[in-house]
Amino acid sequence: MEHVENDEQYTGLTVNSGVDQPPTVNPYLASRRRRRVLPSASEIIEGILKGDITMLSRGVTLVESLSPDHQSLAGEIIEKCLPYSGNSRRIGITGVPGAGKSTSIDVFGLHVLRDGGKLAVLAIDPSSERTKGSILGDKTRMEKLSIHPNAFIRPSPSAGSLGGVARKTRETIILCEAAGFNNIFVETVGVGQSETAVHSMVDFFLLIQLAGTGDELQGIKRGIMEMADGIVINKADGDNIDRARLAQAQFKSALRLFPPTPSGWNPEVLTYSGYYELGITEVWDMIDRYFEFVKANGYFDRRRREQARYWMIETIDTSLRRHFFDNQEIAAMLAERETLVLDNRLSSFTAAHDILDYYFKEICRR
């Protein structure tokens with residue numbers, strides 16, 4: 001390689017030519033660098049139905065991918081797996097950060113697996129608003145489940161879009177059920193907007209609370225309390241037992257003020273310790289009673305149908321948004337109108353109406 005610095009006019013400057021690239025120490029490195037050929041849809045479907053974790057993971061990766069080709073392939077896989085889904089108990093688990101959700105899932109999961117069956121844990125991990133990255137470290141707090149042969153743990157980044165990750169989680173549930181997982185845990189990012197989305201895809205919604213953290217009534221939020229089918233007070237051990245029982249009484253009193261639930265079930269409030277594995281059986285017995293109750297009165301099947309309708313509408317909404325914002329003419333018009341709005345030459349509402357009128361009258365009629 002020639003260097004201009006070696007020209008005579010640059011006296012005193014010399015750039016060495018360097019040495020040839022040495023051969024690789026690892027003879028297998030070159031072959032490993034080749035991109036693996038993506039299995040076909042039929043191969044992935046066959047593997048999922050056989051319970052192959054590798055194929056299940058690849059199917060979930062396709063579901064989470066933003067590539068149009070991957071989305072098309074994922075859609076085919078989901079459609080073929082759909083007839084084999086629906087045979088699980090879907091349980092959503094939420095609570096404030098630090099409430100012990102991951103630790104509780106670890107002990108709850110082991111309790112479930114002792115009775116046989118398989119468990120899939122889908123953890124929605126919050127993404128940074130600045131870097132858009134996620135830690136995805138929930139497996140590190142599920143030490144026993146992460147090495148259990150009948151457990152599958154899949155953390156997914158929220159990537160700033162709770163609606164998007166919720167839709168992908170819903171589709172992942174279908175693949176996990178087709179792979180033979182008869183228990184599905186969905187862990188949320190914490191008390192917030194994600195709870196509504198997760199509530200729309202699970203059968204039982206468990207709210208984990210803490211005692212002895214200050215104002216106990218601060219945890220009694222009407223929206224989240226109305227969604228909960230069961231409330232459990234974690235860390236009821238040692239010196240915290242009395243505080244946990246006091247919090248239990250407060251939550252029970254608060255629940256009496258709420259209107260009846262659509263299922264007719266009266267949410268229960270229990271105490272337990274995830275770290276010391278105390279009261280785990282009682283919590284799971286409550287969940288068993290709930291499923292017996294809602295299956296007997298028909299609410300379980302009715303709820304599943306309502307959820308299917310909800311996600312159909314959500315998918316339509318997502319597709320319309322993508323069709324609108326991915327259109328190049330709309331993107332150019334948005335940039336133009338945005339400049340006018342920022343310069344106070346056009347109101348936000350007029351700009352929005354102009355763009356929508358153009359979209360419906362020009363683009364949608366083509």
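Helices here are DSSP runs of H or I with at least four residues, strands are runs of E with at least two, and both are numbered from the N terminus. Keep in mind that the model is predicted.

**Exercise 1. Find where Asn-344 lies, and decide whether Asn-344 is buried or exposed.**

Step 1: Look between helix 12 (328–342) and helix 13; the loop there holds Asn-344.
Step 2: The relative accessible area of Asn-344 is 72%. Exposed means over 50%, so Asn-344 is exposed.
Step 3: Now check the backbone. Most residues other than glycine have a negative phi. Asn-344, however, has a positive phi near 60 degrees.

**Exercise 2. Work out how helix 11 and helix 13 are oriented to each other.**

Step 1: Locate helix 11 at residues 299–325 and helix 13 at residues 348–363.
Step 2: Their packing angle is about 95 degrees, and the axes are 12 Å apart.
Step 3: Angles of 65 to 115 degrees count as roughly perpendicular, so that is how helix 11 and helix 13 stand to each other.
Step 4: Leu-320, His-323 and Phe-324 of helix 11 make the contact with Ile-355, Leu-356, Tyr-359 and Ile-363 of helix 13.
Step 5: Sorted by class, this contact of helix 11 with helix 13 has 6 nonpolar residues, 1 polar residue and no charged ones.

**Exercise 3. Which residues have the most contacts inside the largest nonpolar core?**

Step 1: In soluble globular proteins, nonpolar side chains tend to be buried together.
Step 2: The largest nonpolar core here has 48 residues, and the most contacts inside it belong to Ile-48, Leu-56, Ile-77, Leu-175, Met-225 and Ile-231.
Step 3: Take Leu-175 as a case: beyond its neighbours within four places in sequence, its contacts include Ile-48, Leu-56 and Ile-77.
Step 4: A second, separate core has 34 residues, among them Ile-105, Met-142, Trp-265 and Tyr-272.

Methods:
Residues are numbered from 1 along each chain as its sequence is written. This is a predicted model: local features need pLDDT of at least 70, side-chain atom pairs count only at pLDDT 80 or more; totals for chains, interfaces and linings use all residues. Side-chain values use heavy atoms; hydrogens and water are left out. Axes are lines fitted to C-alpha atoms, for helices over the stretch in contact, and angles run from 0 to 180 degrees between N-to-C directions. Angles under 35 degrees count as roughly parallel, over 145 as roughly antiparallel, 65 to 115 as roughly perpendicular and the rest as oblique. Contact means heavy atoms within 4.5 Å. Ala, Val, Leu, Ile, Met, Phe, Trp, Tyr, Cys and Pro count as nonpolar, Asp, Glu, Lys and Arg as charged, and the others, Gly among them, as polar. A nonpolar core is a set of buried Ala, Val, Leu, Ile, Met, Phe, Trp, Tyr and Cys residues joined through side-chain atoms within 4.5 Å. Buried means under 20% relative accessible area, exposed over 50%, partly exposed in between (1.4 Å probe, protein chains only).
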